Amino acid sequence: PAERVLVVGGGDGGISLRVLMHPSVRELVQVELDEEVVKASKQHFPFIAKAYDDPRLQLHIVDAVAWVRQEAERQADSFDACIIDSTDEPLISLWSKEFYAGLRRMIRPGGVLMQNIQTIDVPKQLDHLLRLQ
């Protein structure tokens, strides 16, 4: 079971809330670009944003690409799971070989990477992901 989880994006807190429901999770690190999304969720969706009250959650308001670049070596093999819950269209630049290589370094052997691509009907994003192989 996952003990340490990284969430990229997910500013509404919903993914983090679901992850924190698992008793095996000791720590959740969330990297969110836009603090206003977090604030709006706390104001308008407190039943989802209650994840931010959990002491196991560490929230970093920072660009995820820069954060992964900075932390990949320092936190090598330290996460059991990484969940990317970002907006697809505006953040296509997020999807680079360097970014995924950094995430790979951060995930323990046997760990998993999951990414929300919304729907298979989003050909531009899916094509970009497939070209990264």
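Visitor: At what angle do helix α4 and helix α5 pack?

Guide: Keep in mind that this is a predicted model. Helix α4 covers residues 64–71 and helix α5 covers residues 97–106. Their axes lie 9 Å apart, and the packing angle is about 50 degrees.

Visitor: Which term describes α4 relative to α5?

Guide: Angles under 35 degrees count as roughly parallel, and 65 to 115 as roughly perpendicular. The angle here is about 50 degrees. That makes α4 to α5 oblique.

Visitor: In which sense does α4 cross α5, left-handed or right-handed?

Guide: The contact draws on Ala64, Val65, Trp67, Val68, Arg69 and Glu71 of α4. From α5 come Glu98, Phe99, Gly102, Leu103 and Met106. The crossing of α4 past α5 is left-handed.

Visitor: How many nonpolar residues does the contact of α4 with α5 have?

Guide: Charged residues number 3 in the contact of α4 with α5. There is 1 polar residue as well. The nonpolar count is 7.

Visitor: What is the order of the strands in the open sheet?

Guide: The sheet has 5 strands, and the pairing is parallel. From one strand to the next, the twist averages 15 degrees. The order is β3-β2-β1-β4-β5.

Visitor: Which strands stand at the edges?

Guide: An edge strand here has a single partner, so one of its sides is left without a neighbour in the sheet. That applies to residues 57–61 and to residues 107–115. The edge strands are β3 and β5.

Visitor: Which residue of β3 stands opposite valine 31?

Guide: Strand β2 spans residues 27–32. β2 and β3 pair in the parallel sense over 5 bridges. Opposite valine 31 stands histidine 60.

Visitor: Which residue in β2 is the bridge partner of arginine 4?

Guide: β1 and β2 run parallel, joined by 5 bridges. Arginine 4 has its bridge partner in β2. That partner is glutamate 27.

Visitor: How many residues of β2 are buried?

Guide: Glu27, Val29 and Val31 point one way from β2. Leu28, Gln30 and Glu32 point the other way, and they too are buried. β2 is largely enclosed by the rest of the structure, because its buried residues number 6 of the 6.

Visitor: Which residue in β5 stands opposite phenylalanine 79?

Guide: β4 and β5 are also a parallel pair, with 5 bridges. Phenylalanine 79 stands opposite a residue in β5. The residue is isoleucine 107.

Visitor: At what angle does α5 run to β5?

Guide: α5 lies across β1, β4 and β5. Those strands cover 4–9 and 79–85 for β1 and β4, and 107–115 for β5. To β5, α5 runs at about 135 degrees.

Visitor: Is aspartate 77 buried or partly exposed?

Guide: Aspartate 77 sits in the loop between α4 and β4. Its phi is positive, about 55 degrees, although it is not a glycine. Buried means under 20% relative accessible area and exposed over 50%. At 44%, aspartate 77 is partly exposed.

Visitor: What share of the chain counts as buried?

Guide: The chain comes to 6 helices and 5 strands. Along the sequence, the pattern is β-α-β-α-α-β-α-β-α-β-α. Of the 133 residues, the buried share is 44%.

Note on methods. Residues numbered from 1 in each chain as written. Predicted model: local features only at pLDDT ≥ 70, side-chain atom pairs only at ≥ 80, totals over all residues. Heavy atoms only, no water. Axes fitted to C-alpha atoms, helices over the stretch in contact; angles between N-to-C directions. Helix = DSSP H or I, 4+ residues; strand = E, 2+ residues; numbered from the N terminus. Parallel < 35°, antiparallel > 145°, perpendicular 65-115°, else oblique. Left-handed = near helix turned anticlockwise from the far one by under 90°. Contact = heavy atoms within 4.5 Å. Nonpolar A, V, L, I, M, F, W, Y, C, P; charged D, E, K, R; others polar. Pairing = 2+ DSSP bridges. Buried < 20%, exposed > 50% of the residue type's maximum accessible area, 1.4 Å probe, protein only.
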